[in-house]
Amino acid sequence: MIVVMSPMATKGDVHAVRRTIEGHGLQAFVSSGQERTVIGVVGSDVDRVANIGSLPGVEQVIRVTNPYKLASVEHHPERTRVTVGGVPIGLGDELVVVAGPCSVESAEMLRDTARWVGHEGARLLRGGAYKPRTSPYTFQGLGEPALEMLAAARAETGLPVISEVTDAADVELFDRHVDVLQVGSRNMHNFVLLRAVGQSSHPVLLKRGFGATIEEWLMAAEYILSSGNSNVILCERGIRTFETATRNTLDLSAVPVLRGKTHLPIMVDPSHGTGQRDLVGPMALAGAAVGADGLLIEVHPDPPSAMSDGEQSLSFAEFGALMDELRRMQLLRERPAPAARPADVPPAPIGDLRGRIDEVDATLASLVQQRAALALEVERARGGIGHGHDVRRERELLERAAHEGSGPLSADEMTQIFGAVLRASRAVQRREAEAALLHRQPA
Ligand code: PEP
Ligand code: MN
């Protein structure tokens, strides 16, 4: 800590500051310049003189070290791994996806969701039993029966479960039923609750308060750590800003900022972070790309009928598509396949079908190349630039393709596939046109 004295400070003021510092068992290093005097405070707990700014002649008190220790990288340079029911979170092991409904609505919907998200590759199941809501007049959760349903879903699927605790008096109850205790955004500053979860034997997922700075968030984590629980996971879930287009502003820069400050694992919640279903996928990918250790995603069997947060919950199909995309972008690694057992060898009919798929793929690849070669000829025949491409013809072509052929693909999916083929053909034509313009060989 550095105490900057005002240019008007007297020798007596400097002396009084020095005496106060030393009186608290700390060392004071006084350095007098031409205009003003600064005093360096050194010791293991400089916070003891946090009020020194009110002494006469003191202009400014500057903190040079973090107010949090246990959570800091300086204190603990190795990244922490928190293991939940055998699932490691942190240390860059693998992206852990936690998925499930905002609120547990019934045993049946929870079981269906747990089965689905587990099948798609989620490693933990989430579900709210006690819901602190933006408005107190909305659904507040089923309470204890929901915790029992979560425990039953874990028994059936093997997925460890996470749920939000809102009252210090409930920590023991949660300890009996769940694997991770979540402290929600609205409770990040609830020090009684932080102390109580600090005494739990289970890991804690600490959401960022929607009005909290990163430092305040780390101080809350510090309080849990200092209460005796070393398994704390941080979760960025968006903050309130002047922006109203999204429910919150998901502060993804918090992930790399935190990486430089703390050893604790970091998750991202794009569901509460955006509040809109169509934004959850893109922001989940972004969260994974920026280095989060895990993602928290709300999934519901029928989002429009959800009792809470339906507008930001993914349907089963949407969640599956997101997991595919995470894999495609290599953000989510496949779990190593268990050693092949005879039962894992696909039965003969599947082997045959896969052989036929390989043949179709080879024909498709060749047809797509033939199509691009024809598009190239068209470009050459057109010659020069400035003709533009025929947008109307492309639209008609897409329209036709969407309804051509019969099979399991929807018109939308057919449009997407043909859209990609058209874009690739256009890219071939554009390369040719550019080369012609610059009088060089096409790339
Ligand atoms: C939740 O995850 O269910 C939740 C209420 O989140 P937050 O505390 O971030 O609003
Ligand atoms: Mn929710």
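1. Two strands are said to pair if DSSP finds at least two bridges between them. Helices (H or I, at least four residues) and strands (E, at least two) are DSSP runs, numbered from the N terminus. On this basis, Ala99 stands opposite Ile297 of β14. Strand β7 (residues 96–100) pairs with strand β14 (residues 294–298) in the parallel sense, over 5 bridges.

2. This is a predicted model, in which local features need pLDDT of at least 70 and side-chain atom pairs count only at pLDDT 80 or more, while totals for chains, interfaces and linings use all residues. Residues are numbered from 1 along each chain as its sequence is written, and chains are lettered from A and ligands numbered from 1 in the order in which they are written.

3. The protein chain is divided into domain 1 (2–62), domain 2 (82–328) and domain 3 (354–437), with bounds from an automatic or database domain assignment. Between the C-alpha centres of domain 1 and domain 2 there are 44 Å.

4. The strands β7-β8-β9-β10-β11-β12-β13-β14 form, in that order, a closed barrel of 8 strands with parallel pairing. From one strand to the next, the twist averages 25 degrees; angles run from 0 to 180 degrees between N-to-C directions, and axes are lines fitted to C-alpha atoms, for helices over the stretch in contact.

5. Strand β1 (residues 2–5) and strand β3 (residues 37–42) pair in the antiparallel sense over 3 bridges; the bridge partner of Ile2 in β3 is Gly40.

6. Helix α2 (residues 107–120) packs with helix α3 (residues 144–157) at an angle of about 40 degrees, the axes being 10 Å apart. Residues in contact have C-beta atoms, placed from the backbone, within 7 Å. The α2 side of the contact includes Leu110 and Arg111, and the α3 side includes Met149 and Glu156.

7. Around ligand 1 are Cys102, Gly128, Glu164, Gly184, Ser185, Arg186, Lys207, Arg237, Asp269 and His272; a residue is near a molecule if its C-beta atom, placed from the backbone, lies within 6 Å of it. This shell divides into 1 nonpolar, 4 polar and 5 charged residues. Ala, Val, Leu, Ile, Met, Phe, Trp, Tyr, Cys and Pro count as nonpolar, Asp, Glu, Lys and Arg as charged, and the others, Gly among them, as polar.

Key
Contact = placed C-beta atoms within 7 Å.
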